[in-house]
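Welcome! Please take a look at the sequence and the 3D structure below, and then we will walk through a helix and a ligand site together.

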Amino acid sequence: MSTRILILGGGFSGLYTALELEKKLGTDVDITLVNKENFFLFTPMLHEVAASDLDLSAIVNPIRKMLRKTNFFHGEVEQIDLDSKKVYVSHGTAHHHHELEYDHLVIGLGSITNFLNIPGLEQRALTMKSLGDAIYLRNRMIANMEEADFECSSDRRKPLLTFVVAGGGFAGVETIASINDFLREAIRFYPHLREEMLRVVLVHPGKVILPELGEKLGVYTQKILARRGVEVRVNTRVAGLTDRGVALNDGTTIETDTLIWTAGTSPNPLLAMLPCMKEKGRIKANEYMEVQNYPGVWALGDCSVIPDPKTGTAYPPTAQHALRQGRVLAQNIAAAIRGGKRKPFLFSTIGQLASIGRRTGVANIMGINFSGFIAWWLWRTIYLSKLPRFEKKFRVALDWTLDLIFSKDLVQFQTLRAPVMLGENHNARMLEPEACEVRAM
Ligand SMILES: Cc1cc2nc3c(=O)[nH]c(=O)nc-3n(C[C@H](O)[C@H](O)[C@H](O)COP(=O)(O)OP(=O)(O)OC[C@H]3O[C@@H](n4cnc5c(N)ncnc54)[C@H](O)[C@@H]3O)c2cc1C
């Protein structure tokens, strides 16, 4: 029987492990990858889907088209038993259960949003992590403008046209910048609304936004956003979310319908059941990505803590680390199967970039700061080159080109059932279409 390698998670870490294993081991081994979605999501461009810059399928790739020698299991991991070397998964609308056995287990299950127990967030806040989240946010912005345009909603206009993003990290800043551009462009098509009616607020607990890029670029970003009408509230925390709006720790409340929460993450809750060593809920692995006391078990990406031998601290949870960890891990698994030397994961962040709207960006590459058009151009060029598959690169480049000519699309992506007839002939009844919101995946 050939060696069974089971990969949990089809994000940056899991997918790139599988791609590299296919190259290194081909069909000599039996590789299976389990993922909840049947696609790989390119998160760095997620905000562009929310803001109608890109079509919703442009930044996702079907896993089956990317992996040719790996068995793909579209389903949900429910339980991992490290002692019996079994993983329990379910799939399909009826949630059939299966038991998958392994010789090597790769855990790349990523992280989830953490609302930090702040009252009202779990029930009401929007998140920005999945494709569904981006579609939901886009729909919400359009629905709010549609409603606010009517006279009967004039007393609800304020909360409908106020949008708050919590968290001044990369995800929060890129989200606020792109939705601000979208709203200000789209509002022209609503005859009873004016740009001055919009309120777009970024709430950040630290002194300066984008702390990863240093104070200079953070302050620059704040100035650019403020010039474009975004209210940036630093040294401020969200204290709660009610039907009146967002309560802040300075005692004020922002009247709004929409809070997008990007300010907290937690390791995947499935890890809580694992008996292996953990740090703040993430699996502790060594520099080879091996999990101590469990030979053949490996962990990487956002759900793991991998030490940087140069600094002794853990590598940051980013896509650029996760995908490179995947490549090195595949070599280590190949070495474990065929014999050979394992490689420690060694990587220094090359640079970090953020797109802050209207052809402006900020970047720090190899210690050098860039801002303005050049940083935005670098952002687009680098991320376009990283987006997997030529077809998707082409679609994104095409969308970006068309964006220069046409205004942003205002169509809502709804999954509405068309009206149907019930009963026979004259007694037939029309059923109202049933609105089912796009599920956050
Ligand atoms: C909006 C946003 C923007 C970002 N921008 C950048 C950026 O510009 N640059 C950068 O370097 N990083 C960026 N990141 C961070 C980057 O996305 C993560 O660091 C990276 O995705 C981590 O890879 P991973 O494989 O560990 O986890 P993920 O990519 O999250 O993959 C985990 C996979 O596991 C699957 N999964 C989880 N639970 C189960 C289950 N029970 N059963 C089956 N499947 C399951 C998930 O569906 C997912 O496909 C961004 C993140 C977000 C949210």
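## Helix α11

Helix α11 covers residues 390–405, and at 1.5 Å a residue its 16 residues should span 22 Å; the end C-alpha atoms are 23 Å apart, which agrees. The expected span is 1.5 Å times one less than the number of residues. Helices are DSSP runs of H or I with at least four residues, strands are runs of E with at least two, and both are numbered from the N terminus.

Lys-392, Val-396, Asp-399 and Trp-400 of α11 are buried (under 20% relative accessible area, with exposed meaning over 50% and partly exposed in between; 1.4 Å probe, protein chains only). They cover an arc of only 95 degrees around the axis, so they sit on the same side of α11; the arc uses directions from the helix axis to the C-beta atoms. On the other side, Phe-390, Leu-404 and Ile-405 are exposed.

## The ligand site

Which helix gives the largest share of the shell around the ligand? That is α9, with three residues.

An oxygen atom of the ligand is 2.8 Å from a polar backbone atom of Asp-302, and for Gln-320 the corresponding distance is 3.3 Å. Taken alone, the ligand exposes 990 Å², and the protein buries 86% of that (Shrake-Rupley method, 1.4 Å probe; for residues, only the protein chains shown count as cover).

## About the model

This is a predicted model: local features need pLDDT of at least 70, side-chain atom pairs count only at pLDDT 80 or more, and totals for chains, interfaces and linings use all residues. Residues are numbered from 1 along each chain as its sequence is written, and side-chain values use heavy atoms, leaving out hydrogens and water.

How values were computed:
A polar contact is a pair of N or O atoms within 3.5 Å; within protein, one must be able to donate a hydrogen and the other to accept it, and residues adjacent in sequence count only if both atoms are side-chain atoms.
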